[in-house]
Structure formats: structure tokens, C-alpha cells
Amino acid sequence: MQQGEHFSDRLEAVRTRINTACAAHGRSPEEVVLMAVSKTRPPEAVREALAAGLRHIGENRVQEAAGKRRDGGLTDGFWELIGPLQSNKARLALEAVDRIQTVDRLKLVERLDRVCGEMGRAAFPVLLQANVAEDPAKHGCRAEDAPALAEAIQASAHLRLEGLMTIGELTLEEGRVRRTFARLRELRNHLALATGLPLPVLSMGMTGDLEWAIAEGSTLVRVGTALFGERA
Ligand SMILES: *Cc1c(COP(=O)(O)O)cnc(C)c1O
């Protein structure tokens with residue numbers, strides 16, 4: 001964090017951005033969860049976020065999340081995996097976090113379900129990550145593969161599908177970014193109809209595009225830089 005800038009000031013600035021975007025689009029700020037993305041930050045950063053009243057903590061790497069939680073003694077908070085997950089790290093992920101936002105392929109669904117069974121976990125919450133921007137560099141399932149994956153999660157014994165997640169297009173063009181977010185919302189609506197599940201969570205929007213995500217219905221914004229400063 002830069003000198004002279006306090007977490008509380010940054011948090012207030014982010015809250016103001018969220019409130020302003022909600023007001024502009026007829027939404028209540030209570031509909032939008034602010035997640036603190038603490039990847040690359042020390043446990044103290046997480047502690048500061050928790051002390052300020054944030055509950056959702058986002059981490060990209062399973063080992064980093066597990067280490068921070070264990071070595072930092074951080075038992076509080078609702079920790080979420082927002083980075084790609086290899087099947088062979090399923091068990092570690094299930095031990096380290098409270099929700100996995102990056103389920104994007106059948107093999108991972110099957111592995112998570114089986115390990116949840118072995119661990120005696122029931123209804124473990126997951127989000128489906130969809131690459132609606134069709135960016136070859138990004139993880140996430142293709143939109144056309146999402147229905148089969150949603151059905152597989154619904155049919156699983158130990159997983160509960162709560163919604164969808166995406167990463168916006170890396171461009172400053174508002175129209176393009178918003179179209180991507182709108183596509184995720186439409187996909188969610190489609191899957192909710194097809195499965196009968198409510199799928200309330202739309203995880204979209206980061207430091208650079210959270211206003212556009214809120215405009216398109218985001219219920220959870222994942223914010224790192226605006227809360228903690230630039231990553232080294
Ligand atoms: C790093 C990361 C974020 C936060 O990005 P900022 O631009 O620092 O707010 C959000 N979502 C995912 C998936 C990330 O990897």
C-alpha cells in the first residue's frame with residue numbers, strides 16, 4: 001500500500017463507486033457484494049479487510065489461500081477461489097476455501113463431487129466460470145457448454161450451483177465490456193430456466209470495470225487494486 005493512503009479511505013472510495021453505479025441503474029447497494037481480492041497480499045491485508053467489515057475474500061491460487069488462512073490464523077471470512085483450479089488440487093481447494101467460482105469443465109465437477117463425498121461435505125457451493133468474452137487466453141467454459149455443466153453440477157451429490165462468474169474483456173470500450181457482462185446475465189437467466197435453480201450470484205466486475213458490471217446486473221464485484229493498491 002502506498003504511503004499516506006489508508007485502507008479505510010480506499011474502501012470508502014470503492015463503496016462510493018458501487019453506490020453511485022447502483023443509483024445510476026436503479027439498484028440497491030445491498031444487492032452487490034464487495035469481495036476483497038487478496039492475491040499476492042500478506043495476511044495482514046486480509047485482516048485489515050475483515051476488520052473493516054468485508055467478509056468475502058478472493059484468492060487466485062489454492063496454495064496461497066491455504067497458507068494465508070493457516071499461517072495467518074485467518075479463520076474468519078468467506079474465502080473464495082477465483083483462479084483456475086487443476087483437478088489434482090481439488091482436495092486442497094475444498095479444504096482451503098468456502099466457495100469455488102472457477103468450475104469450468106466436467107472433469108473438475110466429477111472430481112470435486114467425489115472428493116466432497118470423501119470429505120463428508122454436502123452442498124458445497126460453486127459457480128460456473130463462463131468465458132463469454134471468448135478470449136482464448138482465459139479460462140472458463142464456452143457458453144454453449146454451460147448447460148451440460150450446469151446439469152452435471154445439479155445432478156451431482158455434493159455440489160450446489162449458486163450462479164456464474166466471468167472476467168470482463170480487457171478493453172476500455174464500455175460497449176464491448178458491457179456486452180460481455182450482459183451475455184453472462186442472459187446465460188444465467190437461460191440456465192436458471194433450464195435447471196429450475198435460482199442461480200442468484202453473478203460474479204463480474206473488477207477494479208477497472210465494476211460500474212459496467214453493476215449496470216449489467218452483477219451481484220458480486222471482485223476488487224483487488226482499488227482496495228489494496230497496485231500489485232507488485
Ligand atoms: C486479480 C483478480 C481480480 C481483481 O482484479 P483488480 O483489477 O486488482 O481489482 C478479480 N478477479 C479475478 C479473477 C482476478 O484474478
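The second largest pocket of this predicted model has a volume of about 190 Å³, and its lining is formed by Asn 60, Arg 61, Val 62, Gln 63, Pro 84, Leu 85, Gln 86 and Lys 89. By class, these lining residues divide into three nonpolar, three polar and two charged. The largest pocket holds about 530 Å³ of space and is lined by 26 residues, among which Lys 39, Ile 167, Leu 170, Met 206 and Arg 222 lie nearest its centre. Its lining comprises 10 nonpolar, 10 polar and six charged residues.

Helix α7, which covers residues 174–195, was examined for the agreement between its length and its number of residues. The buried residues of α7 are Val 177, Thr 180, Phe 181, Ala 182, Leu 184, Leu 187, Arg 188, Leu 191, Ala 192 and Thr 195. The elements that cover these buried residues include the strands β5 (124–129), β6 (159–165) and β7 (201–203), together with the helices α6 (146–155) and α8 (210–215). After α7 comes Gly 196, the phi of which is positive, near 80°.

Side chains of opposite charge can pair when their charged atoms come close, and a search of the whole structure finds 21 salt bridges. One of these joins the side chains of Arg 27 and Glu 31, with an N to O distance of 3.0 Å. Arg 27 has a relative accessibility of 15% and therefore counts as buried, the limit for that class being under 20%, whereas Glu 31, at 39%, counts as partly exposed. A salt bridge also links the side chains of Lys 138 and Asp 135, at 3.1 Å from N to O. In this pair Lys 138 counts as buried because its relative accessibility is 17%, while Asp 135, with a value of 22%, counts as partly exposed. Salt bridges that share partners join Glu 174, Arg 178, Arg 185, Glu 186 and Glu 216 into one network. A further salt bridge is formed between the side chains of Arg 70 and Asp 71, where the N to O distance is 3.3 Å, and both Arg 70 and Asp 71 are exposed.

Definitions and conventions: Residues numbered from 1 in each chain as written. Predicted model: local features only at pLDDT ≥ 70, side-chain atom pairs only at ≥ 80, totals over all residues. Heavy atoms only, no water. 1 Å grid on protein atoms, 1.4 Å probe; cavity = no way out; pocket = protein on both sides within 12 Å on 5 of 7 lines; lining within 4 Å. Points joined across faces, edges and corners; volume = space filled by probe spheres on them. Nonpolar A, V, L, I, M, F, W, Y, C, P; charged D, E, K, R; others polar. Helix = DSSP H or I, 4+ residues; strand = E, 2+ residues; numbered from the N terminus. Expected span 1.5 Å × (residues − 1). Buried < 20%, exposed > 50% of the residue type's maximum accessible area, 1.4 Å probe, protein only. Contact = heavy atoms within 4.5 Å. Salt bridge = Lys/Arg side-chain N within 4 Å of Asp/Glu carboxyl O.
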